[in-house]
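Me: Please examine the model shown below with me, one question at a time.

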Amino acid sequence: MSIMMTPGRVLYNLGPITRLPLGEGRSFLIGDTSVAIYRMRNNEVFATQASCTHRSGPLADGIVGDGKVVCPLHAFKFNLADGEPVGNTCAALKTYPVSISPTGDILLDLAE
Amino acid sequence: MQKQRLVVIGNGMAGARLLEEVLARRGKDRYEIVAFGDEPYGNYNRILLSSVLAGSHDPKDIFINPLSWYEENGIKLYAGNHIHTIDHTTQLVYASDGTVMPYDKLVIATGSSPYIPNMKNLYTEAGKLRHGVFAFRTMDDCDAMINHSDRVRKAVVIGGGLLGLEAARGLLNRGLEVHLVHVAKHLMNVQLDGAASKILRSSLVEMGVHLHLQKRAAAVLGDEQIEGLAFEDGSTLDCEMIVISTGIRPNIGLAQRAGIEVDRGIIVKDDLSCSVPAIYALGECTQHRGKTYGLVAPIWEQAQCLAERLTNDQAQTIYEGSRESTKLKVAGVELAVMGEKDEVDDDDEVVVYSEPVRGVYKKLVVREGRLVGAILLGDDAMTPRVRQLFDRGEALPENRAELLFPLSGESKTLDIADMPDDAQICNCNGVSKGKIVSAVKGGKRSLKMLCDATRAGTGCGSCMLQVKALLDFATGGQAVDDPSIHYYVPGVPLTKPELIKAIKEQNLRSVSAVFRVLAAGKEDVGSKAGLSSLLKTIWGKNYEDERDARFINDRVHANIQKDATFSVVPRIYGGVTSAQELRRIADVAEKYSVPMVKITGGQRIDLVGITKEKLPEVWKDLGIPSGHAYTKSFRTCKTCLGTEFCRYGVGDSTALGIKIEKRYQGIESPHKMKLGVSGCPRNCAEATIKDIGAVAIEGGKWEIYIGGAAGASVRKADVLCTVDTHEEVLLYTGRFMQYYREHAKYLERSYGLVERLGIERLRQILVEDTEGICEQLDHAIQAAVDAYVDPWQEAVIPVTSAQFENALQPVAKVVVS
């Protein structure tokens, strides 16, 4: 999901994309909100809620690839683009618009 | 990529099976799939029609894929729609409802039709079979027969082959007086020899079937109603119903009219292509290398081969013909037949056991030590074994009787069919028999699809055999073989040996390189960890480590817990520690307020509940190397006291255990390896249920055990060999480890490998060196030992950015202007 750059919109700069190793995720704490940010091997980025909808597994610790994340606790799989479960009946993950700025920073939009 | 259109003509056993195989190979990514079927139904199991006739199956139970299945899988099915013309020059097919359908690839699976012998007074003026005369082929035939049988008393079945006998049994079950007419002297003379046929005959007579052998039907008697049958020899037989079951003929008319080469069947080459481009054929309508087939097993093999060809441009798969074997119930009697029924030349060896009173007959035809044919009638206990030896052409045991009778003491397997629906099969994920069976009925007909859909077998995996048995049961033995179950990882279509070969040949040193070269650039999230483990095994320290391919435990060298904290298990070699070491561990536990300190089953201490960012500090304070309690590798070597203090000890188990652990610590493998060393046969270290174990015996010797387990599965290990010294124990331990690393599937424990190959075979390879690979194995494991680095050293220099961070902070809040 990319970000609508409408004036007045509040975004969070999460720093350079290199804060995340290639192909891995990291959790970010923004105020009270925990968000998992994933950097794919092709440098695409995704953002979802940090804990899984099954047993609150730390999704940023999961293995990612091909636009999906596998939760480290029980191996349930989710689509990163829309948060939908893959091959299981867990509730969908909340996703957030995220993109890379021209200077290579990760920009996150937390607004509903 | 623009999708091509795949059109399949025929929706019977062959056509529908092909669809399943194509779907299993992700054929939907490539094709828009269209199927035409003459019958207005989904796809049903024709073999079970006789059970419907017999009343033992409800018609709805024999559907393999209902109409909804086609919809769910995005297949456009034209049911009850007949293709009358193929134009291969324009690549179009013409259907009876006027539809004209272009194709890119066309598959003909038109099956066969009943062969009707010449008889007088058989047809109506319109050229249809007269009311009361039936050919037994389709669901509609079956329905009509059931309806008619309710109104009559006496039926004649013409034809003493398999289907004729089934029809006879079915009608008998419906309370009719049943007569069976057969031209030959023996029933099922194509499949059975005289002796077997005689026993079958007795069984049928006992059931109440009246037999008329060596009789040829000449005419149907009666004008309005069927009144009887006249034979060539002038005799007659009264009846009110006639079922004709005298064999099948391939349906070749459509292909023939289209200018496709035919003989008895549609001629297909080894890639199942026909004589014109872009058209393929399979099933009973075909003729391959001069043979036509009427059994399902060859159809399954053809469907697999053709699906492979259609979905993979690189596929070199060819169909080389089938060894014909079939297992069936003839009129309620278990029968398995395969290959040749009689000896051909004088050197052929024939083994026969015959027990007519019990209706049991077993015959093996052996040529050059291999099975070329078998008949097993009335007792199916040995059928799977015999069939496997036949299919694979393996050498037979010297004592042929082993193939005819179960060895005494072999336990009878629990019959899965008898279990209640609420019986829990998968104890990890709580999946019941009923849930598994209904998933199969809903179309999950390959083991992989079934496990993915129900999660059965995806926990510890120990119920896999039962899940597989249930799949076989629920599909009537017609499960779809998903090729991906043979792959090392699901995302790279190669078996482990093929994959290792490709990785070495093409010098692929990273997980992303494997995806790029061997999986058409497509990353698969479920394959990364398995590939990472394999590449480390193949390349050792020359492996190009990509941390994203590792499971979290292997990124932070600790075991993740339910609350996202981790557990830390420092290495305690051989389970022997010191007051000083214990004090340090205790200090760490206090300093970091570790919520739980736990003594593990592997004779170590577990500090549980440590947050990720504290891990480096904890390791530094401990000053002890990693115990690898979080990864698929050598874990620990449990020991007993041994000779140093124990009054019974006959071998120095602690010293040996420490040596083993120092040498093999951290060696990664397909699954974890837990070891044990006992200093005497009392076996206090439980070495006989370890992946590898050593037990000291009197005389200064050590027994080496492999393949033990005491987890989800319990298995007593097998003795690999008995040796004299610690050095030899270390040698064979390493040799087996390396063999396991190279040959086990990902996540297969050592006992799986040992059971799969058998201890005799492993002894030949690892002790007698029959394959000449021992030196290479010893060399490879030494290289792995040399490549060992304590991963907790990463406490000092992290490998990836924010490797141990729990949560990062944003750097700024910005407002879009």
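Predicted model: local features only at pLDDT ≥ 70, side-chain atom pairs only at ≥ 80, totals over all residues.

**Salt bridges, burial and packing**

Me: Which residue pairs with A:Asp66 in a salt bridge, at 3.1 Å?

Reply: A salt bridge is a side-chain nitrogen of Lys or Arg within 4 Å of a carboxyl oxygen of Asp or Glu. The N to O separation here is 3.1 Å, and the partner of A:Asp66 is A:Lys68.

Me: Is A:Lys68 buried or exposed?

Reply: Buried means under 20% relative accessible area, exposed over 50%, and partly exposed in between (1.4 Å probe, protein chains only). A:Asp66, at 30%, therefore counts as partly exposed. A:Lys68 has 19% relative accessibility, so the class of A:Lys68 is buried.

Me: Which residue of chain A forms a salt bridge with B:Arg555?

Reply: The pair crosses between chains, from helix H17 (residues 552-556) of chain B to the loop between strand S1 (10-16) and strand S2 (25-30) of chain A. Helices (H or I, at least four residues) and strands (E, at least two) are DSSP runs numbered from the N terminus. Both B:Arg555 and A:Glu24 are buried. The side chains meet at 3.6 Å, N to O, and the partner is A:Glu24.

Me: In which helix do B:Lys468 and B:Asp472 both lie?

Reply: Their side chains meet in a salt bridge of 3.7 Å, N to O. B:Lys468 is partly exposed at 39%, and B:Asp472 is partly exposed at 31%. The two are four residues apart, about one turn, in helix H13 (residues 464-474) of chain B.

Me: Which residues of chain B does A:Asp61 contact?

Reply: A:Asp61 is found in the loop between strand S4 (45-49) and strand S5 (63-65) of chain A. Its relative accessible area is 6%, so A:Asp61 is buried. Contact means heavy atoms within 4.5 Å. Leaving aside neighbours within four places in sequence, A:Asp61 touches A:Pro72 and, in chain B, B:Ile552, B:Arg555, B:Ile560, B:Phe566 and B:Lys612.

Me: What separates the C-alpha atoms of B:Ile226 and B:Met241?

Reply: B:Ile226 lies in the loop between strand S15 (217-221) and strand S16 (228-231) of chain B, and is buried at 6% relative accessible area. Beyond four places in sequence, its contacts include B:Val133, B:Leu221, B:Cys239 and B:Met241. Although B:Ile226 and B:Met241 are 15 residues apart along the chain, the separation of their C-alpha atoms is 6.6 Å.

Me: Which elements of chain B do the buried residues of H4(B) pack against?

Reply: Helix H4 spans residues 139-149 of chain B, and its buried residues are B:Met139, B:Cys142, B:Met145, B:Ile146, B:His148 and B:Ser149. They pack against strand S3 (43-44), helix H2 (49-54), strand S4 (63-65), strand S11 (133-135), helix H5 (162-173) and strand S18 (241-244).

Methods
Residues numbered from 1 in each chain as written. Chains lettered and ligands numbered in written order. Heavy atoms only, no water.
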